[in-house]
Amino acid sequence: MNRYVGAVDQGTTSTRFMVFDHAGREVARHQLEHKQILPQAGWVEHDPVEIYQRTCDAIEGALAKGNLTAQDLAAIGVTNQRETTVVWNPKTGEPLYNAIVWQDTRTDCIMRKLEQEGVGDVIRSRAGLPPATYFSGGKIQWILDNVDGARSAAERGEAIFGNIDTWVIWNLTGGVNGGVHITDVTNASRTMLFNLESLEWDDELLRLFTIPRGMLPTVRPSSDSNFYGMTQRTGPFKGEVPLCADLGDQQAATVGQVCFTSGEAKNTYGTGNFMLLNTGTSIVPSHAGLLTTVCYQLGAARPIYALEGSVAVTGSAVQWLRDQLGMIRQASDIEPLANSVPDNGGVYFVPAFSGLYAPYWRADARGCIVGLSRFNDKGHLARATLEAICYQTRDVLDAMVKDSGVRLEVLKVDGGATVNDTLMQLQADILGVPVVRPVIAETTALGAAYAAGLAVGFWSDAEEMRRNWQADKQWEPRWSADQRDVGYLDWQKAIERTLNWIDVGNK
């Protein structure tokens with residue numbers, strides 16, 4: 001009994017449920033995709049009801065594959081795509097609008113207005129974030145201002161907010177029948193509404209976004225021995241399991257990579273790329289275009305903070321080659337295609353489909369492919385796509401060095417795209433540092449499981465989890481310093497071509 005810990009990993013394109021044993025090894029998993037809703041250019045939405053149904057199906061599928069029941073699980077945690085915003089009626093359980101996804105840029109006018117009014121620095125100083133379309137605050141305001149009846153519903157307690165973690169937890173713990181309306185410090189720190197020092201919702205920030213405080217969930221530690229709640233017998237677990245951990249996906253991956261010491265960093269390769277550097281209990285303001293965020297809080301201990309570099313489009317650029325261009329049939333096809341040519345043939349691809357995130361924060365940017373000649377073929381574009389992932393990571397790493405003074409000796413990597421050996425070799429070449437992948441590359445789910453297991457004593461402390469970490473493969477840089485410098489100079493020229501594409505005042 002209680003031999004394992006489970007984790008819901010609700011991502012941008014799919015939902016999975018994974019079960020781990022005490023050694024951190026995968027016991028079972030089931031994963032399902034959900035629809036990407038694209039109403040118009042720059043808008044990205046998900047159906048929250050579909051996401052919760054996929055969550056239930058993933059849980060039931062994994063339990064069936066492992067021949068498991070609720071009684072086999074000591075606890076479960078939740079990790080999620082961050083910033084994606086849901087507003088729903090707690091009395092009926094019905095969303096007032098589709099979930100507005102973190103990639104969505106419709107709130108650009110709201111963000112520009114805040115900067116023009118001179119309050120951008122207030123947001124930066126209190127929330128650690130720049131006013132950007134990425135975060136939840138503007139998305140909530142857009143729903144309240146643009147969905148019929150939403151603001152009046154919020155004022156009478158019939159519209160509440162949550163990022164995807166809050167929506168999933170509310171449903172798993174009962175929904176309309178007593179579901180728990182909570183979030184954790186990591187997800188709260190992605191809203192532009194949360195004060196990093198007080199660890200509370202900030203009244204001044206709420207006023208700037210005209211959001212009623214009553215809409216917001218209670219903020220709890222990322223790992224909580226008091227439990228958030230129990231899963232319902234009528235739900236997918238068919239029994240009661242303590243739900244006691246919640247982290248945004250990138251913070252969960254940091255825990256899964258056991259980056260528990262200040263100065264340790266990881267980079268996750270998924271729909272986007274996200275590099276986090278543990279800064280300990282110190283809140284480090286960024287002057288180089290990064291985000292200051294909560295990394296995790298384990299129980300009653302002081303929260304640990306991080307610097308983060310967020311890149312919007314990396315793995316989703318490969319999906320674009322597959323789905324929009326039809327250039328490949330499945331994502332894995334990009335590796336042999338990229339290897340059909342010896343180099344990029346002078347081609348650079350900047351996939352700024354949602355503008356540029358860290359360290360540029362340019363919502364006016366759009367994607368471009370430069371350097372084309374008749375010589376080039378689809379192999380060069382495939383290779384340029386992989387290199388774009390790596391160059392965007394270098395942009396972030398250079399900014400991280402400027403802010404922290406820490407020069408990485410090795411980069412820990414995780415996420416689905418790390419199975420691509422060519423991508424990982426290019427990453428080592430472009431950064432000039434070794435890249436190491438752990439045995440368990442899906443560290444996002446593992447981090448949520450670790451946090452849940454800590455809450456119930458399944459794992460005793462961070463050192464016990466650190467002993468579970470094992471390297472699977474390491475890539476050493478092969479490029480010369482000159483080759484690296486020339487390539488990055490051309491990349492920066494390509495970045496310049498993306499800027500000022502969207503006129504100010506237009507969406």
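This note sets out numbered points on a predicted model.

1. Basis. In this predicted model, local features need pLDDT of at least 70 and side-chain atom pairs count only at pLDDT 80 or more, whereas totals for chains, interfaces and linings use all residues. Residues are numbered from 1 along each chain as its sequence is written, and side-chain values use heavy atoms, with hydrogens and water left out.

2. Salt bridges. A salt bridge is taken as a side-chain nitrogen of Lys or Arg within 4 Å of a carboxyl oxygen of Asp or Glu. The structure contains 33 of them. A network of salt bridges joins R82, E83, R190, D249 and E308.

3. A buried ion pair. R106 and D104 form a salt bridge through their side chains, at 2.9 Å from N to O. Both R106 and D104 are buried (buried means under 20% relative accessible area, exposed over 50%, partly exposed in between, with a 1.4 Å probe and protein chains only).

4. An ion pair between distant parts of the chain. In the salt bridge of K473 with D421, the closest N and O atoms are 3.0 Å apart. K473 belongs to strand β23 (residues 471-475) and D421 to helix α13 (residues 421-431), so that the pair links distant parts of the chain, 52 residues apart. Helices (H or I, at least four residues) and strands (E, at least two) are DSSP runs, numbered from the N terminus. K473 is partly exposed at a relative accessible area of 33%, and D421 is partly exposed at 28%.

5. An ion pair within one helix. R466 and E463 meet in a salt bridge of 3.3 Å, N to O. The two residues are 3 apart in helix α15 (residues 462-466), and are therefore separated by about one helical turn. R466 is partly exposed, with 22% relative accessible area, and E463 is also partly exposed, with 42%.

6. Helix α13. Of the 11 residues of α13, 10 are buried, so the helix is largely enclosed by the rest of the structure. Its buried residues include L423, M424, L426 and I430, and also the charged D429. At the start of α13, a side-chain oxygen of N420 comes to within 3.1 Å of the backbone nitrogen of T422. Just after the helix, G432 has a positive phi of about 80 degrees.

7. Backbone geometry. Most residues other than glycine have a negative phi, and most peptide bonds are trans. The peptide bond from A358 to P359 is cis, with omega near -5 degrees, and P359 is placed in the loop between β19 (348-350) and β20 (368-370). T210, which is not a glycine, has a positive phi near 50 degrees; T210 is in the loop between α8 (203-208) and β12 (218-220) and is partly exposed at 38% relative accessibility. V258 likewise has a positive phi, of about 50 degrees, without being a glycine. V258 sits in the loop between α9 (249-256) and β15 (265-269) and is buried, at 2% relative accessibility.

8. Aromatic pairs. Rings of Phe, Tyr and Trp (its six-membered ring) pair if their centres lie within 6.5 Å; planes under 30 degrees apart count as stacked, over 60 as edge-to-face and the rest as tilted. By this rule there are 24 aromatic pairs. The rings of W102 and F274 have centres 5.8 Å apart and planes at 70 degrees, so this pair is edge-to-face. W102 lies in the loop between β7 (99-100) and α2 (108-116) and F274 in strand β16 (residues 273-280), so the pair ties together parts 172 residues apart in sequence. Both W102 and F274 are buried. F260 and Y296 also form an edge-to-face pair, at 5.8 Å centre to centre and 90 degrees between the planes. F260 lies in the loop between α9 and β15 and Y296 in strand β17 (residues 291-296), so this pair ties together parts 36 residues apart in sequence. Ring pairs also link W102, Y134, F135, F274, Y357 and W361 into a cluster.

9. Largest pocket. The largest pocket holds about 1,000 Å³ of space (on a 1 Å grid over the protein atoms alone, a pocket is an open set of points where a 1.4 Å probe fits, with protein on both sides within 12 Å along at least five of seven lines, and lining residues have an atom within 4 Å of a point; the volume is the space filled by probe spheres set on the points, which are joined across faces, edges and corners). Its lining has 46 residues, of which Y269, G270, T271, G416 and A417 lie nearest the centre. The lining divides into 15 nonpolar, 19 polar and 12 charged residues (Ala, Val, Leu, Ile, Met, Phe, Trp, Tyr, Cys and Pro count as nonpolar, Asp, Glu, Lys and Arg as charged, and the others, Gly among them, as polar).

Note on methods
Polar contact = N/O pair within 3.5 Å; in protein donor to acceptor, adjacent residues only side chain to side chain.
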